[in-house]
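Here's a quick briefing for anyone opening this structure for the first time. Take a look at the sequence and the model, then read on.

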Amino acid sequence: MQLQTSLSIIQQLASEKQEENNAFVSFLKQQDAATIDEEVYALNQTIEPKIDCTSCGNCCKSLMINVREEEADRVASRLNLNRQQFDETYLEKGSSDLMVINTIPCHFLAENKCSIYEDRFAGCREFPALHLPHFKNRLFTVMMHYDRCPIIFNVMEELKLKTGFL
Ligand code: SF4
Ligand code: SF4
């Protein structure tokens, strides 16, 4: 299995494969959900350890990060700030309860590493979420990140072969 880790090549391939990927999404929707979950889980187990996130960091450079109250408390305390100081510096709050980190790339990315790694947010821990069940229900989101995340790109390309789509 040859993995592609160059973000520029991945972005180029993603634009060339748009039609193929639309067809693949339609194909996957017809497949058995549990079988696809098993295949994605196994591919992720093989591929994720072979990709060095510290030389990529692209999710931290390009995603909007949701923050929960208890997470904000934890990181504020780590940074020796009170919540008001933390919120004013790092968060944007809309009219709903939703809070997000107020910069992209994320404030906490330093030399391609997370400077608050042990206290990072749930969305950061989860991404790219290929270990989770119900993959078919998340196809739109997964494909949204296909050209951004080398793990997703390589898992999807291998899945095309594994499922017999290609
Ligand atoms: S908190 Fe850390 S892992 Fe999450 S986006 Fe920021 S730098 Fe990345
Ligand atoms: S999870 Fe994906 S986008 Fe984020 S650093 Fe790792 S390979 Fe890059």
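In which helix is T89 found? T89 is in helix α6, where helices (H or I, at least four residues) and strands (E, at least two) are DSSP runs, numbered from the N terminus. Before going further, bear in mind that this is a predicted model, in which local features need pLDDT of at least 70, side-chain atom pairs count only at pLDDT 80 or more, and totals for chains, interfaces and linings use all residues. Residues are numbered from 1 along each chain as its sequence is written, chains are lettered from A and ligands numbered from 1 in the order in which they are written, and side-chain values use heavy atoms, with hydrogens and water left out.

**More on T89**

- T89 counts as partly exposed, at 41% relative accessibility; buried means under 20% relative accessible area, exposed over 50%, and partly exposed in between (1.4 Å probe, protein chains only).
- Setting aside neighbours within four places in sequence, T89 is in contact with N102 and H107, contact being heavy atoms within 4.5 Å.
- From T89 to Q45 it's 44 residues along the sequence, and 37 Å in space from C-alpha to C-alpha.

**Ligand 1**

- The residues around ligand 1 are C60, I65, C106, F108, L109, C114, I116, F121 and C124; a residue makes this list if one of its heavy atoms lies within 4 Å of the molecule.
- By class, that shell around ligand 1 has nine nonpolar residues, no polar ones and no charged ones.
- For these classes, Ala, Val, Leu, Ile, Met, Phe, Trp, Tyr, Cys and Pro count as nonpolar, Asp, Glu, Lys and Arg as charged, and the others, Gly among them, as polar.
- The space that ligand 1 takes is the largest pocket.
- A pocket here comes from a 1 Å grid over the protein atoms alone: it is an open set of points where a 1.4 Å probe fits, with protein on both sides within 12 Å along at least five of seven lines.
- A molecule sits in a pocket if more than half of its atoms lie within 2 Å of its grid points.

**Ligand 2**

- Ligand 2 sits in the largest pocket.
- Around ligand 2 you'll find I51, C53, C56, G57, N58, C59, F127, R148, C149, P150 and I151.
- Two helices, α4 (58-62) and α9 (150-162), each supply at least two residues of the shell around ligand 2.
- The shell around ligand 2 splits into eight nonpolar, two polar and one charged residues.

- L7 lies in helix α1 (residues 7-16), and counts as partly exposed at 22% relative accessibility.
- L7 and R148 are 141 residues apart along the chain, yet their C-alpha atoms are separated by 7.1 Å.
- Leaving aside neighbours within four places in sequence, L7 is in contact with C56, N58, R148 and P150.

**Two buried residues**

- N21 is found in helix α2 (residues 18-29), and is buried because its relative accessible area is 6%.
- The side chain of N21 makes a polar contact with the side chain of Y146 (3.4 Å); that term means a pair of N or O atoms within 3.5 Å where, within protein, one must be able to donate a hydrogen and the other to accept it, and residues adjacent in sequence count only if both atoms are side-chain atoms.
- Not counting residues up to four places away in sequence, N21 touches M143, Y146, E157 and K160.
- D119 is in the loop between β5 (113-114) and α7 (122-126), and counts as buried at 15% relative accessibility.
- With residues up to four places away left out, D119 touches R74, V75, R78 and R125.

- Most residues other than glycine have a negative phi, and most peptide bonds are trans.
- A cis peptide bond joins I104 and P105, with omega about -5 degrees; P105 is in the loop between β3 (99-101) and β4 (109-110).
- F127 and P128 are also joined by a cis peptide bond, with omega about 5 degrees, and P128 is in the loop between α7 and α8 (139-144).
- N80 isn't a glycine, but has a positive phi of about 60 degrees.
- You'll find N80 in the loop between α5 (69-78) and α6 (83-90), exposed with a relative accessible area of 70%.
- E111 isn't a glycine either, and has a positive phi of about 50 degrees.
- E111 lies in the loop between β4 and β5, and counts as exposed at 79% relative accessibility.

Conventions: On a 1 Å grid over the protein atoms alone, a cavity is a set of points where a 1.4 Å probe fits but cannot get out, and a pocket is an open set with protein on both sides within 12 Å along at least five of seven lines; lining residues have an atom within 4 Å of a point.
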